[in-house]
Amino acid sequence: MKIYSCVYFTLEITVIISIICHPLAAQNLFIQHTIDNYFPGACSVCSYDLDGDGELDILAAGNSGNQIAWWKTEKDSSLTFTKFVITTNAPGIIFVDAADVDGDNDMDILGASWEGSEIAIWKNLGGNPILWENIVVDNNIIQAHEVHAAYVDADNLLDLIAASAGSHQIVWYRNNGGNPIVWEKNVVDNQFAGARSVVCFDMNDDGYNDLIGAALNANQISIWYSDGANPVEWNKQIVDNACGGAHWVHLSDLDKDDNQDILAAGCIPGLIAWYRNDGGTPIQWTRQLISNNFSGALSVAAADLDLDNDVDVFGAATNANKVSWWENDGGNPIQWFTNSVLTNYGGAWPVFAVDLDVDGDTDILTTASTGNKVTWLENITILVNTKDEFSSLPENFFLAQNYPNPFNPSTNIQYAISNRQFVSIKVYDLLGREVAILVNEEKPAGEYEVEFNTAGLPSGVYFYQLLVSALQSKDGRAKEFVDVKKMILLK
């Protein structure tokens with residue numbers, strides 16, 4: 001395998017991983033970072049750049065503390081987080097999201113208040129620290145459970161969509177513009193028993209955005225197709241009326257057929273399922289079970305966690321106190337392999353996919369509603385060479401995965417060369433800065449092992465690079481052998 005060097009090492013790492021990730025196997029390790037160890041009733045979390053500094057921040061809601069807070073992310077050799085409280089007066093706040101609702105290039109906060117039966121916005125007024133103005137959109141939506149911003153109609157203004165458990169409603173708040181914005185409440189469905197979740201997407205490719213929802217009491221996953229008229233008329237399709245305790249919906253193209261499939265979490269007794277979009281008019285749906293023993297499943301999301309070009313699934317279960325992910329094997333039908341991420345995580349509730357550390361793999365944000373925690377699960381995808389990877393390389397040229405890994409304070413790295421060559425092994429941090437030179441000399445053919453001692457280095461992800469210079473090819477030209485691997489220091 002030929003790898004081309006780049007001018008900057010930070011770019012070279014990106015290119016090398018992109019090139020080699022397809023033929024490599026992957027091992028996933030999730031490092032648990034506690035963002036807040038006491039955030040009462042932590043029940044919702046997401047990530048956006050709230051202050052416009054280019055870093056992804058964390059936003060969360062805690063219903064026991066009636067609190068919304070955000071954590072400013074700052075990046076040096078590692079990520080640090082500074083907490084700012086937005087409000088402690090959001091009764092039973094159960095869900096938060098963010099969007100630039102008013103088009104002023106600042107991210108505003110959206111909230112659904114269960115006990116307050118309220119949908120509200122906290123307008124971002126800018127400043128350092130940010131100032132927030134509370135705007136009530138609706139204070140008569142019983143047991144409001146979820147809210148998002150979406151382009152529901154064709155006026156290019158961000159609307160709001162919400163699910164109301166107590167009113168059994170799916171609601172669309174039309175943005176009629178103005179300063180302050182005038183919101184027009186439209187009830188899409190008032191018999192969606194125990195409505196818990198709603199998202200927006202053009203499911204039938206007719207140019208009009210539709211709504212997709214989950215109802216706990218009705219055990220139902222449904223779609224409301226928009227006709228694009230003014231006013232909009234909605235045509236309901238029941239996708240499944242036996243999704244026990246349907247609590248969450250998420251959209252993703254799991255089978256890579258260019259159709260959005262539906263993922264659902266059902267909390268009674270606990271299932272994760274996906275509904276394959278088979279096309280047609282109306283769309284035909286095939287339910288496929290991912291797990292039926294995920295007790296109290298409350299949330300589900302999807303992302304390619306292991307960098308194998310297949311979309312994986314992950315979720316949280318409040319009764320099982322677990323966060324798990326299911327590996328997609330890419331087959332037809334898809335086979336799912338269960339992997340546990342967190343156990344004994346009290347009242348696990350939401351999951352949110354984000355590459356928080358911007359290292360190329362998807363991390364997970366989650367909260368523990370009874371454990372009162374906000375957690376970032378840093379995804380470390382370790383790419384491991386398969387036998388085929390070396391089939392075209394000179395015999396006995398290889399770089400092994402360090403052991404132990406993760407490690408503290410030292411680890412060993414094995415490598416081999418087939419003839420006398422100049423060998424370099426260097427260690428770099430996530431920013432591409434050289435932190436150690438382990439080997440930098442001519443070596444005779446043989447197998448070698450070198451120790452890397454991390455005295456003075458912080459915990460984190462590091463890369464080690466083997467460079468063997470002046471390999472002689474069959475055509476007589478000089479070449480280089482380069483390989484790079486990840487390792488994790490945990491102190």
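Q: Hi! Phe294 and Trp326: buried or exposed?
A: Both are buried, meaning under 20% relative accessible area, with exposed over 50% and partly exposed in between (1.4 Å probe, protein chains only). This is a predicted model, where local features need pLDDT of at least 70, side-chain atom pairs count only at pLDDT 80 or more, and totals for chains, interfaces and linings use all residues. Residues are numbered from 1 along each chain as its sequence is written, and side-chain values use heavy atoms, leaving out hydrogens and water.

Q: Where do Trp172 and Trp234 lie?
A: Trp172 is in strand 12 and Trp234 in strand 17, so their pair ties together parts 62 residues apart in sequence. Strands here are DSSP runs (E, at least two residues), numbered from the N terminus.

Q: And what do Phe294 and Trp326 form?
A: Another edge-to-face aromatic pair, 5.0 Å centre to centre with 85° between the planes.

Q: New topic: how many residues are in the largest nonpolar core?
A: It has 40 residues, where a core is a set of buried Ala, Val, Leu, Ile, Met, Phe, Trp, Tyr and Cys joined through side-chain atoms within 4.5 Å. Ile272 is among the members touching the most others.

Q: Which strand gives the most to this core?
A: Strand 22, with four residues.

Key:
Rings of Phe, Tyr and Trp (its six-membered ring) pair if their centres lie within 6.5 Å; planes under 30 degrees apart count as stacked, over 60 as edge-to-face and the rest as tilted.
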